[in-house]
Structure formats: structure tokens, C-alpha cells
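Colleague: I should like to learn how to read the features of a structural model. May we go through them one at a time?

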Amino acid sequence: MADVKWRGGEYYETGDPPAAGLAVARMAAHITYLSEAGLTEKFGRRLQQRPDRPDGAISFGFDADFQIESYLRHQGISFVDRFDANSYLYITRATDYFDLAAEHGGHLANAFRATKARFCLVSFDTDWLYPTPASRAIVHALNAAGAPVSFVELSSPYGHDAFLLDAPEMNRVVDGFLRAGA
């Protein structure tokens, strides 16, 4: 919304969307999907490949000198090609305002009272987007509602993206949960 090209959401007729603002928003959000350990492992403080100066000194500038900067810029630019800025704002606002407990008298357990489903919650210790305490609150609400629930917190250096990667421990948990219900 700070991008002057956003124009209060009325940018469609201009053919000039707020791409820079959307890219920066994605870059900032993308950091929350990765953990500090995952970022360090993947990028560390490694510099981009560039020609050495003749005197052997390291040159710097204000472009993407570090690999993490290049990665985040790529994520921002590719996101602009897939998402509309207003759509992104509406999706994030809907997520921010969603409150299942509010719809059930302020008690999350009430949302699960009539359920006949079994639940399996898996949390990753480095997920900043959906942290383990939030998962535990859901587990407590499910317990209070008398719903069958299993919960496990897995360790991973990959933050929120851990569930997208090859995670044998998660596969075993989900497989065990599915087999138990068969």
C-alpha cells in the first residue's frame, strides 16, 4: 500500500500494477517461512559470484551482493508474476481476521463439540508462521471438546517450509495416524 502505483487499489486501468510494493511484501513475508538455522545453512554470509577486483579487495555495492538478497529478490519478482496485489491484501487480511473461537462464543473448544473426526496436528519447532504454542492451543481445545487428537512437534531447521520438504518423521506420523483409523 506504500507503493505509489497501488493507487488505493485502483490500478487495473493503468496497466501499471504496484509490482515493487508487492515484491517487497513477499520478500519480507518469505523470511518468516524459513528459520534462522535454515537461512544460515542455505545462504550463510556467502556473496554472489562476481568478478574479483584486480587488487584482490572485496568490492561492495547496493545491489544483491549476498546470495540471500538475490534469493529474496527472485522470490519477490516471481511472486509478482503469479499474484495480484489486491488479491494478496485480501488473502492476508482474511487470514488476519479469521477467528474460529469468536464464531463460537469466544471458546475454541465449542467449534469442535459436534465433530466426529479424528485429528492429527504436526508442528515444527522452527515454524514462525504457525508456532507450536498455537498448535498446542488447538490441541487443548480439541481435548476440552472430547475430540480424539494426536499431536507431535518435530524438529527441523527449515521453519514453515519444513512441511513442504522431504520430512520422513512427518511421513511416519501421518502414515501411523491414517493406518490407525483404517
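**Reading the model**

Modeller: Let us begin with Asn86, which lies in helix 4 (residues 85-97). Please bear in mind that this is a predicted model.

Colleague: Is Asn86 buried or exposed?

Modeller: A residue is called buried when its relative accessible area is under 20%. Asn86 has a relative accessible area of 11%, and is therefore buried.

Colleague: Which residues does Asn86 contact, leaving aside its neighbours within four places in sequence?

Modeller: Asn86 is in contact with Trp6, Gly9, Tyr11 and Tyr12, once those neighbours within four places in sequence are set aside. With Trp6 there is also a polar contact between the two side chains, at 2.9 Å.

Colleague: How should I read salt bridges, and how many does the structure hold?

Modeller: The general idea is that side chains of opposite charge can pair when their charged atoms come close. In this structure there are three salt bridges. One of them joins the side chains of Lys5 and Asp16, at 3.3 Å from N to O. Both Lys5 and Asp16 lie in the segment before helix 1 (19-33), so the pair ties together parts that are 11 residues apart in sequence. Lys5 is partly exposed, with a relative accessible area of 33%, and Asp16 is partly exposed at 29%.

Colleague: What does Arg136 form a salt bridge with?

Modeller: The partner of Arg136 is Glu153, and their closest N and O atoms are 3.9 Å apart. This pair links distant parts of the chain, for Arg136 is in helix 6 (residues 132-144) and Glu153 is in strand 2, 17 residues apart. Arg136 is partly exposed, with a relative accessible area of 37%; Glu153 is likewise partly exposed, at 36% relative accessibility.

Colleague: How is the salt bridge between Arg179 and Asp175 to be read?

Modeller: An α-helix has 3.6 residues a turn, so residues three or four places apart point the same way. Arg179 and Asp175 are four residues apart in helix 7, and are therefore separated by about one helical turn. In their salt bridge the closest N and O atoms are 2.8 Å apart. Arg179 is exposed, with a relative accessible area of 61%, whereas Asp175 is partly exposed at 36%.

Colleague: How may the length of helix 6 be checked?

Modeller: One compares the expected span with the distance between the end C-alpha atoms. At 1.5 Å a residue, the 13 residues of helix 6 should span 18 Å, and the end C-alpha atoms are 18 Å apart, which agrees.

Colleague: Which residues of helix 6 are buried, and what covers them?

Modeller: The buried residues of helix 6 are Thr132, Ser135, Val139, Ala141 and Leu142. Their cover includes helix 5 (108-111), strand 1 (119-124) and strand 2. Just after helix 6, Gly146 takes a positive phi of about 75°.

Colleague: Which residues form a nonpolar patch on the surface?

Modeller: Tyr158, Phe163, Leu164 and Leu165 form this patch, with about 390 Å² of accessible area together. Leu165 is found in the loop between strand 2 (149-154) and helix 7 (168-180). Partly exposed residues fall between the buried limit of 20% and the exposed limit of 50%. Leu165 counts as partly exposed because its relative accessibility is 41%.

Definitions and conventions
Residues numbered from 1 in each chain as written. Predicted model: local features only at pLDDT ≥ 70, side-chain atom pairs only at ≥ 80, totals over all residues. Heavy atoms only, no water. Patch = residues over 30% accessible without salt bridge, like charges linked within 9 Å, V, L, I, M, F, W, Y side chains within 5 Å. Areas by Shrake-Rupley, 256 points an atom, 1.4 Å probe, with all protein chains shown as cover. Salt bridge = Lys/Arg side-chain N within 4 Å of Asp/Glu carboxyl O. Helix = DSSP H or I, 4+ residues; strand = E, 2+ residues; numbered from the N terminus. Buried < 20%, exposed > 50% of the residue type's maximum accessible area, 1.4 Å probe, protein only. Polar contact = N/O pair within 3.5 Å; in protein donor to acceptor, adjacent residues only side chain to side chain. Contact = heavy atoms within 4.5 Å. Expected span 1.5 Å × (residues − 1).
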